[in-house]
Amino acid sequence: MKIVFMGTPAFAAQFLEHLVASDNEVLAVVTQPDRPAGRGRVLTPPPVKEAALKHNLPVLQPTDLKSPEFEADLRKYDADLYVVVAYSILPKNILGITKFGAVNVHGSLLPKYRGAAPVQRAIADGLNETGVTVFRLDEKMDHGPILAQRTVVIDHQDTTASLLDKMVVPGCDALDDALNQLKNGCEKDLTQDHAQASGAPKIKKEEGLIDFNLPARTIHDRIRAFNPWPGGYGKLGGRMVYLRQTDTPENGPKLAPGVVEFKDNRLFVGTGEGVLEVIEIQAEGKKPMPVADFMRGIQKREGLQFC
């Protein structure tokens with residue numbers, strides 16, 4: 001099958017690599033424009049572009065998906081299908097160009113968690129499992145009929161980064177399943193139960209601020225969901241710190257919300273229900289470190305608490 005691939009982040013780049021290694025023909029790649037990144041704000045290509053150039057694939061980086069120029073560029077490739085992973089909603093005129101339209105790889109079991117942050121929202125909500133869905137794109141967000149789904153377990157210490165990694169293999173399997181359905185004319189096209197749909201809006205930076213009046217398990221889940229960005233953060237002893245890894249021990253000291261106790265090289269924080277243990281912590285502008293190393297730099301420990 002002749003494919004034009006559309007995606008931007010590292011997660012999407014792994015699906016591009018899978019398609020390049022398959023018996024499909026990747027004709028070109030569409031991705032976001034290069035953006036300034038890092039402290040030096042150096043203009044940096046997205047991971048999908050880097051992967052495409054490695055395989056000498058043509059790269060399109062449109063700023064307006066509705067422009068006649070972009071449509072004309074796509075028509076030149078005469079593709080059978082667009083495969084979309086973490087890119088954008090495609091306008092109707094683009095969806096109508098190819099024989100099979102477009103399919104999208106989405107990081108949830110649709111119709112649950114439609115939107116930009118399905119992985120983060122599933123972890124933040126404390127789910128034990130989520131999944132990957134491959135579906136036909138239409139003009140509405142994450143709305144089209146389902147071709148294939150695979151379930152993925154969410155472990156107690158999974159973060160957004162680790163869960164995305166776990167989704168790649170089953171996601172590629174689901175994509176292969178969907179492509180074979182299209183090739184063989186036996187697509188399932190399971191209409192989503194729209195009454196069961198839920199949203200997964202884009203994460204905002206302020207969501208990372210930790211409210212220690214919440215239960216410890218809720219805080220732990222939110223810290224995992226917001227790792228790597230925006231991080232679970234708060235002020236400890238007047239310093240902004242990010243809690244990079246935590247746990248919810250069954251036995252621990254009874255502490256008021258936000259109050260800290262450091263004992264036997266373990267750091268506990270009181271919450272609205274239960275206690276949170278901090279395992280790895282990062283002071284603003286510093287590298288993450290084990291909590292025992294961090295606490296060695298704290299001279300005044302009495303009365304220490306988050307605010």
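Analyst: A polar contact is a pair of N or O atoms within 3.5 Å, and within protein one of the two must be able to donate a hydrogen and the other to accept it. The model discussed here is predicted, and in it the side chains of Thr-133 and Gln-149 are joined by a polar contact of 2.9 Å.

User: What makes the pair formed by the side chain of Thr-133 and the backbone oxygen of Ser-108 a polar contact?

Analyst: A polar atom of the Thr-133 side chain lies 2.6 Å from the backbone oxygen of Ser-108, and the cut-off for such a pair is 3.5 Å.

User: Why is Thr-133 called buried?

Analyst: Its relative accessible area is 0%, and buried means under 20%, so Thr-133 is classed as buried. Thr-133 has its place in strand S8, which spans residues 129-136.

User: How do you know that helix H1 and helix H2 are roughly parallel?

Analyst: The axes of H1 (residues 10-21) and H2 (residues 47-54) cross at roughly 25° and come within 7 Å. Angles under 35 degrees count as roughly parallel, and therefore H1 is roughly parallel to H2. On the H1 side the contact is made by Ala-10, Ala-12, Ala-13, Leu-16 and Glu-17, and on the H2 side by Pro-47, Val-48, Ala-51, Ala-52 and Lys-54.

User: Which residues does Leu-16 contact, leaving aside its neighbours within four places in sequence?

Analyst: With those neighbours left aside, Leu-16 is in contact with Phe-5, Val-26, Val-29, Val-48, Ala-51, Ala-52 and Leu-57. Leu-16 is also one of the residues with the most contacts inside the largest nonpolar core, which has 46 residues, and Phe-5, Val-83 and Leu-175 are named with it. Helix H6 supplies the largest share of this core, nine residues. Apart from it lies another core, of 22 residues, among them Leu-60, Ala-79, Leu-110 and Leu-137.

User: What makes helix H7 mostly covered?

Analyst: Seven of the ten residues of H7 (residues 216-225) are buried, including Ile-219, His-220, Asp-221 and Arg-224. The buried residues of H7 pack against helices H5 (118-124) and H6 (160-184), and against strands S10 (232-236), S11 (239-247) and S14 (275-283).

Methods. Residues are numbered from 1 along each chain as its sequence is written. This is a predicted model: local features need pLDDT of at least 70, side-chain atom pairs count only at pLDDT 80 or more; totals for chains, interfaces and linings use all residues. Side-chain values use heavy atoms; hydrogens and water are left out. Buried means under 20% relative accessible area, exposed over 50%, partly exposed in between (1.4 Å probe, protein chains only). Helices (H or I, at least four residues) and strands (E, at least two) are DSSP runs, numbered from the N terminus. Contact means heavy atoms within 4.5 Å. A nonpolar core is a set of buried Ala, Val, Leu, Ile, Met, Phe, Trp, Tyr and Cys residues joined through side-chain atoms within 4.5 Å. Axes are lines fitted to C-alpha atoms, for helices over the stretch in contact, and angles run from 0 to 180 degrees between N-to-C directions. Angles under 35 degrees count as roughly parallel, over 145 as roughly antiparallel, 65 to 115 as roughly perpendicular and the rest as oblique.
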